[in-house]
Structures are given as structure tokens and as C-alpha cells.
Amino acid sequence: MLLKELSPKIEKALNQQVEMEASSSQYYLAMASWSEVQGYNGIAQFLYRHSDEERIHMLKLIKFINERGGHGLVPALKEPAVKFKNINAIFEQVFEHELAVSREINNLVDMALHEKDYATHNFLQWYVTEQIEEERMARHILDKLKLIGEDKGGLYIFDRDLSTLDTADKH
């Protein structure tokens with residue numbers, strides 16, 4: 001049995017972040033499925049990969065909690081939306097969601113510093129950097145969609161190009 005290294009407050013907050021990452025994965029999975037059904041195969045591929053990435057973020061948190069003597073909990077999740085207005089609305093929601101995740105990560109960093117839990121603070125720096133990249137990627141995609149406007153040919157090319165955008169390479 002591991003010694004308890006996480007405070008109950010930090011453990012609870014990290015488990016809440018596990019839930020947020022799991023929900024993000026489901027949210028992007030629902031968007032991917034809708035996109036695929038609508039014929040946006042490239043966008044669907046991108047969102048499927050993004051969903052997988054969020055699940056990896058969740059697993060990383062669970063393993064950290066467990067390694068620090070806590071118990072990483074697998075959360076029950078609410079069913080995500082299954083219908084979306086259009087591709088622009090999807091990526092506006094992605095951007096807003098990533099901003100919300102960033103706020104939660106920042107709150108965790110603040111809590112870790114306040115609790116003088118420097119190991120958790122150090123661990124969370126990866127998430128801080130990740131969120132900067134996630135926000136930048138979402139902003140970049142929204143900028144491209146604004147340039148395209150209502151041009152269906154542009155949307156076709158965007159869909160094709162997004163299938164090759166690696167979610168791990170967000171620069």
C-alpha cells in the first residue's frame with residue numbers, strides 16, 4: 001500500500017479533472033460521429049483523433065493520482081449532444097470548451113501551489129503547455145473557417161486538409 005502523498009483536496013480536484021478529460025473525449029467523439037454522418041470525413045478523422053487524445057489525458061491523470069497514493073476514479077459521464085448546427089458551430093464549441101479546460105487546469109495549478117504540492121504542480125505543467133497548444137489549434141481552425149465563409153469548395157478543401165492535421169502537432 002502506498003503512503004498517502006496527495007491531500008484529499010488535491011485528489012478530489014484531480015479526479016474532477018479526470019471527469020473533465022473523459023467528458024471532453026466523449027464530446028469530441030460525438031462531434032466526430034456527427035461529422036462523419038454528414039459527409040465530413042476529414043473533420044471526423046481529426047475529431048476522432050482529438051477524442052483519443054483527450055482519453056490519453058484522462059489516463060495520464062488517473063495514473064498520476066494512483067502513483068501518488070490516491071485513487072484515480074473512473075467517472076460516470078453524461079451523454080453528450082449528438083446533433084450540431086454546422087461545422088463552424090462545432091469548432092466554436094471546441095474553442096470554448098478548450099478555454100474552459102484551461103481555466104480548470106489553471107485552478108488546479110493554483111491549488112497545488114497553495115497546498116505546497118510541488119510534485120502535482122510540476123506534473124500539471126504538461127497540461128498547461130498542452131492547453132496553450134489546444135487553444136492555438138482551435139483558434140487556427142476558426143480563423144480558417146472565417147476565411148472560407150460560405151464557400152463550399154473551400155469547406156471541401158478544409159475537410160480534406162483537416163484529415164491530415166495531427167492533433168499532437170498543434171504548432
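Visitor: Which elements each supply at least two residues of the lining of the second largest pocket?

Guide: This is a predicted model, where local features need pLDDT of at least 70 and side-chain atom pairs count only at pLDDT 80 or more, while totals for chains, interfaces and linings use all residues. Residues are numbered from 1 along each chain as its sequence is written, and side-chain values use heavy atoms, leaving out hydrogens and water. A pocket is an open set of points on a 1 Å grid over the protein atoms alone, where a 1.4 Å probe fits with protein on both sides within 12 Å along at least five of seven lines; lining residues have an atom within 4 Å of a point. Elements are DSSP runs numbered from the N terminus (helices: H or I, at least four residues; strands: E, at least two), and the ones you ask about are α4 and α5.

Visitor: Which element gives the largest share of the lining of the second largest pocket?

Guide: Residues lining this pocket include His-140, Ile-141, Phe-158 and Asp-161. The largest share is five residues, and they come from α5.

Visitor: Which residues are closest to the centre of the largest pocket?

Guide: The largest pocket holds about 300 Å³ of space. It is lined by 14 residues, and closest to the centre are Tyr-40, Ile-87, Gly-149, Lys-152 and Leu-155.

Visitor: Which residues touch the most other members of the largest nonpolar core?

Guide: In soluble globular proteins, nonpolar side chains tend to be buried together. A nonpolar core is a set of buried Ala, Val, Leu, Ile, Met, Phe, Trp, Tyr and Cys residues joined through side-chain atoms within 4.5 Å; buried means under 20% relative accessible area, exposed over 50%, partly exposed in between (1.4 Å probe, protein chains only). Of this core's 24 residues, those touching the most other members are Ile-90, Phe-91 and Phe-158.

Visitor: How many residues are in the other core, apart from this one?

Guide: Among the members of that other core are Leu-6, Met-58, Ile-62 and Ala-112. Its size is 19 residues.

Visitor: Is Ser-33 buried or partly exposed?

Guide: Ser-33 sits in helix α1, which spans residues 8-37. Because its relative accessible area is 34%, Ser-33 counts as partly exposed.

Definitions and conventions: Grid points are joined across faces, edges and corners, and a volume is the space filled by probe spheres set on the points.
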